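Here's a quick briefing for anyone meeting this structure for the first time. Have a look at it below, then read on.

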Amino acid sequence: MTDSQVSAAATAGAAQPWGYSGSYFDDPPGGRSGMMSWLLTTDHKRIGLMYLAALGTFFIVGMLLGLLIRLELMQPGEQFINARTYNSVFTLHGVIMIFLFIVPGIPAVLGNFVLPLQLGADDVAFPKLNLASWYVYMVGAVMALVSLFTGGGTPDTGWTFYAPYSVNTGSNVTLAVLAAFVLGFSSILTGMNFITTIHRLRAKGMGFFRMPLFCWGLYATSWIQVIATPVVGITLVLLAMERAVGIGFFDPARGGDPILYQHLFWIYSHPVVYVMILPAMGIVSEILPAFARRTIFGYKAIAMSSMAIAIVGYLVWGHHMFTVGMSDTARWVFSLLTFLVAIPTGIKIFNWVATLYKGSIEVGVPLLYAVGFIFLFSIGGLTGLVNGALSTDIHVHDTAFIVGHFHYTMFGGAGIGLFAGMHFWFPKIFGRMYNEKRARTAWGLIMIGFNTLYFPMLVLGIMGMPRRYHDYLPQFQVPHFISTVGSWILVGGILLMIYNLWRGARSGSPAPANPWGASTLEWQASSPPPQFNFAKPPVVTHGPYEFEEILKSAPTATPEAAS
Amino acid sequence: MDNASLAGAEHAATTEHHPVPDGTFILVWVGLLVLTAITVAASVWFPGRVGIGVAMVVTPIKAAMILLWFMHLKYERPVFKIMFLVAVAILAIVMGLTFFDYLYR
Amino acid sequence: MSSMNATTAAPAHHHADPVGAKTGMWLFLFTELLLFGGLFIVYAVYRQRFGHEFGLAAQELNVTMGVTNTIVLLTSSLTMVLSVGALQRGRIGRSLAALVATLGLAGVFLVIKYFEWSAKHSHGIFPGAEHLHAMPHGEGLFFNLYFMMTGLHGIHVVIGMIVMLVVLVKIRNGSVNAANQGVLEYTGLYWHLVDLIWIFLLPLFYLTN
């Protein structure tokens with residue numbers, strides 16, 4: 001039997017709660033034991049799990065804050081939060097969700113776990129730096145936490161920290177932005193690691209164009225992390241200096257320009273949305289071939305479109321600033337460039353649909369999430385066109401429409417993409433399966449709840465409801481109410497999903513190495529993998545989604561359907 | 001062999017095995033000093049447009065000299081050169097796009 | 001079956017990958033480029049707005065000190081690259097001497113900077129000073145930018161010196177040597193970037209008139 005035939009049938013060893021003996025869950029022989037062996041690990045799989053624990057915790061906190069916002073907005077008038085507190089609540093919601101959850105997001109959790117496996121490598125290029133990136137993240141997270149309770153309290157500026165308010169407000173902006181600076185460093189370290197890993201540690205025979213598309217997504221993402229993050233780093237430092245000594249770069253009284261802050265801020269913060277979405281798109285590109293049981297349509301186009309999105313993503317940041325006072329020239333230039341970025345995105349969507357066409361489709365849970373992604377992200381993208389067109393943006397900027405748009409793209413895109421990836425690689429990570437039925441129920445609740453929560457925001461925005469307002473006129477009440485109910489359904493679905501995954505990880509039924517019958521290298525390692533991933537380094541002789549090739553070489557290995 | 005040592009074996013094909021002679025570096029250093037002198041002289045003797053113009057031309061040349069010789073980029077494999085150019089290009093483009101705002105206000 | 005894939009798999013084999021390490025180092029340098037790049041954007045914007053005042057304010061800066069520091073840093077780049085070359089050829093003594101020279105020149109740079117800054121300080125010119133606030137906008141911005149950019153640069157000089165000291169110790173105890181010279185080489189790359197940034201700061205601040 002070949003290595004892959006063996007591992008296709010094998011699981012790692014004896015079952016125990018949380019993983020299997022003989023896998024990376026075991027303390028490495030001759031090393032430390034227990035907690036210390038995790039806290040000082042350099043194993044990318046363990047680091048991925050450590051990120052999962054941290055991100056999961058912060059996601060729940062951010063989610064509770066979101067619930068709080070929706071509770072306050074359920075009816076006009078003040079329910080139980082005053083205006084000043086409300087400002088802090090949505091600021092915190094944004095800071096946590098963006099800097100602590102969605103930006104590290106897929107790369108930190110699934111990228112860390114899956115990338116080396118997909119490349120056929122033992123680990124990333126700089127394993128110690130990988131551990132360092134987790135600690136830097138934790139330091140940034142603690143700093144952000146401390147900023148809530150010290151200085152003037154939780155920042156109330158919005159997660160964007162716009163000058164001049166962020167310079168003048170008494171809330172603890174300085175510590176919060178320095179926390180963001182530290183978190184940016186973690187992001188940079190991950191990006192550096194992944195670029196080097198992809199360049200240097202691909203298996204023998206795996207040229208760039210035989211690499212799985214998730215890796216392409218991570219590659220493009222990592223370049224953005226490396227190049228764009230330092231710009232916001234210096235910007236936030238300048239903001240802190242402005243607060244500390246008054247250097248005047250963003251202060252009109254000293255000849256400065258507040259809009260310059262916005263330029264510098266969005267030069268990073270626009271590309272960072274592509275950091276959020278490109279890995280998620282990579283995950284969809286992995287799930288569709290596996291569940292349509294055919295090769296991806298247009299591999300090269302999808303790979304190149306990731307790079308194109310990353311590059312064009314640097315050119316469009318001004319579309320966040322159409323109403324603040326930029327020159328007319330800047331406005332139409334940025335609007336034109338913004339429309340360009342829809343092209344590579346569209347290429348992906350058409351190719352995904354073409355992949356499903358005439359495929360032998362198995363509607364497994366990962367596919368449900370992948371299709372959910374395509375649906376939700378498309379809505380987000382289409383609303384993006386409304387925002388990108390100057391004439392319509394005048395009406396919707398700073399309204400609930402924008403809030404709906406970015407939740408459809410960030411949450412419906414990157415967030416659902418993360419859920420999809422968790423359900424897809426779950427058996428690989430934990431060596432167990434989650435309950436299929438519960439997973440489908442959770443998915444249904446999430447899809448219904450999501451649209452009930454966010455679609456009304458699109459309506460509200462067109463009607464004229466401003467964002468970041470804690471009170472509103474009575475004519476906005478009905479959509480607000482519906483939206484709040486949607487938040488309960490969505491949260492219910494998410495909690496069910498988390499519960500299901502938690503139970504599955506603890507005590508789910510054993511999963512074989514390749515429960516989905518997928519074609520990429522990580523499925524050749526056992527579920528869960530041993531510490532060093534592969535018994536022998538794999539040698540690659542064909543592209544990542546060529547099912548005919550795989551069936552030819554392992555005719556006796558039958559993929560096991562999820563139970 | 002694992003991927004890293006396979007990659008390591010390629011290391012033999014890199015530049016460390018033909019070291020650049022010290023004399024070359026000293027020549028580059030002299031060139032840098034000369035160019036610095038030119039820039040300073042231009043700004044002192046021809047202040048204004050000419051001085052600035054000279055600085056804007058000469059400074060990138062000095063930068064290129066440091067990159068190519070001191071930082072060894074001249075002898076590195078193409079991937080390093082491409083990566084560097086991409087990073088610089090993005091910075092330049094971003095700066096340029098910002099000026100679509102400031103030049104036309 | 002399962003034991004074939006379990007902990008009997010080959011032990012940690014992280015063979016050195018110098019090209020990989022160098023890739024990582026260059027990527028880090030790109031982050032530094034973009035970090036300073038943000039400040040260069042701020043400079044460019046305000047230079048475009050306040051060209052005249054920038055020229056006026058620049059006259060307050062000491063060109064001699066700026067040019068001397070440029071020569072100092074350029075020379076330190078030379079000594080650094082000579083140190084790397086010497087180590088690669090196994091000439092440990094020469095490598096150490098050149099590295100010490102680099103450190104010394106870096107120290108000279110900081111000393112000159114200190115004199116520059118304290119002179120400014122005695123004239124009431126320091127970040128956020130009231131004197132700056134009272135100046136015409138462009139001049140105040142010029143000086144604040146001067147402090148931010150040369151300050152960030154100075155921090156990088158200090159970090160560079162600390163790293164060089166650590167490498168110095170490692171060369172002396174043999175852990176960095178001809179066969180394992182990456183750490184010195186990458187320190188050199190970092191140092192050259194520090195020099196490179198100064199190359200641009202010189203005309204932007206000292207030679208602007």
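**A first tour**

A:Lys358 sits in the loop between helix H13 (328-356) and H14 of chain A, where helices (H or I, at least four residues) and strands (E, at least two) are DSSP runs numbered from the N terminus. Its phi is near 60 degrees, a positive value in a residue other than glycine. Keep in mind that this is a predicted model: local features need pLDDT of at least 70, side-chain atom pairs count only at pLDDT 80 or more, and totals for chains, interfaces and linings use all residues. Residues are numbered from 1 along each chain as its sequence is written, while chains are lettered from A and ligands numbered from 1 in the order in which they are written.

**How confident is the predictor?**

- For the complex, the predictor gives an ipTM of 0.91 and a pTM of 0.93.
- Chain A has an average pLDDT (the predictor's confidence in each residue, from 0 to 100) of 92, and 94% of its residues score at least 70.

**Helix pairs in chain A**

- Helix H14 (residues 365-388) and helix H16 (residues 400-430) of chain A pack at about 160 degrees, with their axes 8 Å apart; axes are lines fitted to C-alpha atoms, for helices over the stretch in contact, and angles run from 0 to 180 degrees between N-to-C directions.
- H14(A) and H16(A) are therefore roughly antiparallel to each other (angles over 145 degrees count as roughly antiparallel, under 35 as roughly parallel, 65 to 115 as roughly perpendicular and the rest as oblique).
- The residues of that contact of H14(A) with H16(A) divide into 14 nonpolar, 13 polar and no charged; Ala, Val, Leu, Ile, Met, Phe, Trp, Tyr, Cys and Pro count as nonpolar, Asp, Glu, Lys and Arg as charged, and the others, Gly among them, as polar.
- Helix H9 (residues 213-245) and helix H12 (residues 299-312) of chain A pack at about 15 degrees, with axes 9 Å apart, so H9(A) and H12(A) are roughly parallel.
- Where H9(A) meets H12(A), the residues include A:Trp216 and A:Trp223 in H9(A) and A:Tyr299 and A:Met307 in H12(A).
- The contact of H9(A) with H12(A) has 11 nonpolar residues, two polar and no charged.

**Cis peptide bonds in chain A**

- A:Ala163 and A:Pro164 are joined by a cis peptide bond, with omega about -5 degrees, and A:Pro164 is in the loop between helix H6 (127-149) and helix H7 (165-168) of chain A.
- A:Ser527 to A:Pro528 is a cis peptide bond too, with omega near -10 degrees; A:Pro528 lies in the loop between helix H18 (477-507) and helix H19 (547-553) of chain A.

**Where chain B meets chain A**

- In chain B, 15 residues are in contact (C-beta atoms, placed from the backbone, within 7 Å) with 20 residues of chain A.
- H4(B) gives the most to the side of chain B that touches chain A, with eight residues.
- The residues on that side of chain B divide into 10 nonpolar, two polar and three charged.

Methods. Two residues are in contact if their C-beta atoms, placed from the backbone, lie within 7 Å.
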